[in-house]
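Trainee: I have a model open and want to learn how to read it. Where do I start?

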Amino acid sequence: MCGWAAAQWRLAGRGVLNGAARRWGGTLCGGGERAESLSELLRSSVGAGEPGEGAAARRERRAPQEGTVLLFPGQGGQFVGMGRGLLRYPGVRDMYRLAEKVLGYDLLSLCLEGPREELDRTRHCQPAVFVASLAAVEKLNHLQPKVVESCVAAAGYSVGEFAALVFAGAMDFAEALYAVKVRAEAMQAAAEAVPSGMLSVIGGREANYNYACLEARRHCESLGIDSPVCQVSNYLFPDGRVIAGHLQGLEFLQKNASKFYFTRTKMLPVSGAFHTRLMEPAVEPLAEVLKSIEIQKPLICVYSNVNSKKYMHSKHIQKLLVKQLVSPVLWEQTMHSMYQRKNGMEFPYTYEMGPGKQLGAVLRKCNLKAWRQYSHVDVTEEEEAAET
């Protein structure tokens, strides 16, 4: 059972490997294995947890300046070897064993050995980043338990939002992982249906992203593309955007970068136009699975990608996680919401959980003072390095 789930303030017995038994009424994993309930998976992977842990958690609240903040990354930071440095920490191997049962394939072997082209596929990398990020929490809790116990807020980038909600006690680990599995497979299928992608853009002061996207859509129409998509899909930091849509529109923007005052453009290694209406085919599968699982109000503040505001209740979470698929990720706005404070008030210590340091780099551009209290919890660090 996960140590941080047992922390006095945390989860009230809803740890990563200590979920309640809830029936699925269907196939859990791609391998076709049926399980009547998640409790069977839990019993086959780990021992039962103790009831009533963290009962005082809901009563204990900390002032924001006294707490810590955890950030959970999205896909893109995955790499072969990810998670190797986490296996020595309590509960991590159990998490990967349970993930194998939920997913129907050996996620740990894929993360450690590849091949990279398979790990980079959307259907694989989203579950991989989700599990590695929560495994990184195990490491942080082992090395610095007070950091985890004093956490007052969390946010996740795209699929990272599921990890943030699990950490906050709003969702069960296995159920959230199954939702991520469905989400990832549906997003990959939607991406394969239309030649599309995502373009990272840094613009100058004169850059008008909406106008550039409009011109790109007009270009697509001139090529005979019906109802083309080209829009800002991710707000990263001031003058930093990701534009997603039909490949022809993105190619047009790259060729005409100087015309639109783009100082740098780069195609991202993803398979489709995520967070645009080209992901509409993925909406129904995710909506259906979210209806079938239990969602609770988070025990700490968790911020939504869709509106950069705190989740208020379970229905709110269910609705916005679905909407997130076809809506821009308001990460820059989320950073402003999370770190807004009165003059003179100290910023919290921030920890990025999981592969890559992208969210730290973005935080530096959004709020330099907050970034000065930033640390990254590495997922490859070996035993000797971890204890120094």
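This is a predicted model: local features need pLDDT of at least 70, side-chain atom pairs count only at pLDDT 80 or more; totals for chains, interfaces and linings use all residues.

Trainee: Is Thr-122 buried or exposed?

Mentor: Buried means under 20% relative accessible area. Thr-122 has 2%, so Thr-122 counts as buried.

Trainee: Which side chain makes a polar contact with the side chain of Thr-122?

Mentor: That of Ser-271, at 3.1 Å. Next, look at the neighbours. Leaving out residues up to four places away in sequence, Thr-122 touches Gln-75, Pro-127, Ala-184, Met-187, Gln-188, Ser-271 and Phe-274.

Trainee: Now the largest pocket. How many residues line it?

Mentor: Take the volume, then the lining. The largest pocket holds about 890 Å³ of space. Its lining has 34 residues. Nearest its centre lie Tyr-157, Leu-236, Val-242, Leu-268 and Gln-358.

Trainee: Which element gives the largest share of that lining?

Mentor: Helix 14, with five residues. Strands 3, 4, 5 and 6 each supply at least two. By class, the lining has 18 nonpolar, 12 polar and four charged residues.

Trainee: Which residues touch the most other members of the largest nonpolar core?

Mentor: Phe-72, Phe-130, Leu-134, Phe-162, Met-171 and Leu-290, in a core of 105 residues. Helix 8, residues 173–193, gives the most to this core, with 12 residues. Another core, of 16 residues, lies apart from it; Ala-216, Val-232, Phe-252 and Leu-253 are among them.

Conventions
Residues are numbered from 1 along each chain as its sequence is written. Side-chain values use heavy atoms; hydrogens and water are left out. Buried means under 20% relative accessible area, exposed over 50%, partly exposed in between (1.4 Å probe, protein chains only). A polar contact is a pair of N or O atoms within 3.5 Å; within protein, one must be able to donate a hydrogen and the other to accept it, and residues adjacent in sequence count only if both atoms are side-chain atoms. Contact means heavy atoms within 4.5 Å. On a 1 Å grid over the protein atoms alone, a cavity is a set of points where a 1.4 Å probe fits but cannot get out, and a pocket is an open set with protein on both sides within 12 Å along at least five of seven lines; lining residues have an atom within 4 Å of a point. Grid points are joined across faces, edges and corners, and a volume is the space filled by probe spheres set on the points. Helices (H or I, at least four residues) and strands (E, at least two) are DSSP runs, numbered from the N terminus. Ala, Val, Leu, Ile, Met, Phe, Trp, Tyr, Cys and Pro count as nonpolar, Asp, Glu, Lys and Arg as charged, and the others, Gly among them, as polar. A nonpolar core is a set of buried Ala, Val, Leu, Ile, Met, Phe, Trp, Tyr and Cys residues joined through side-chain atoms within 4.5 Å.
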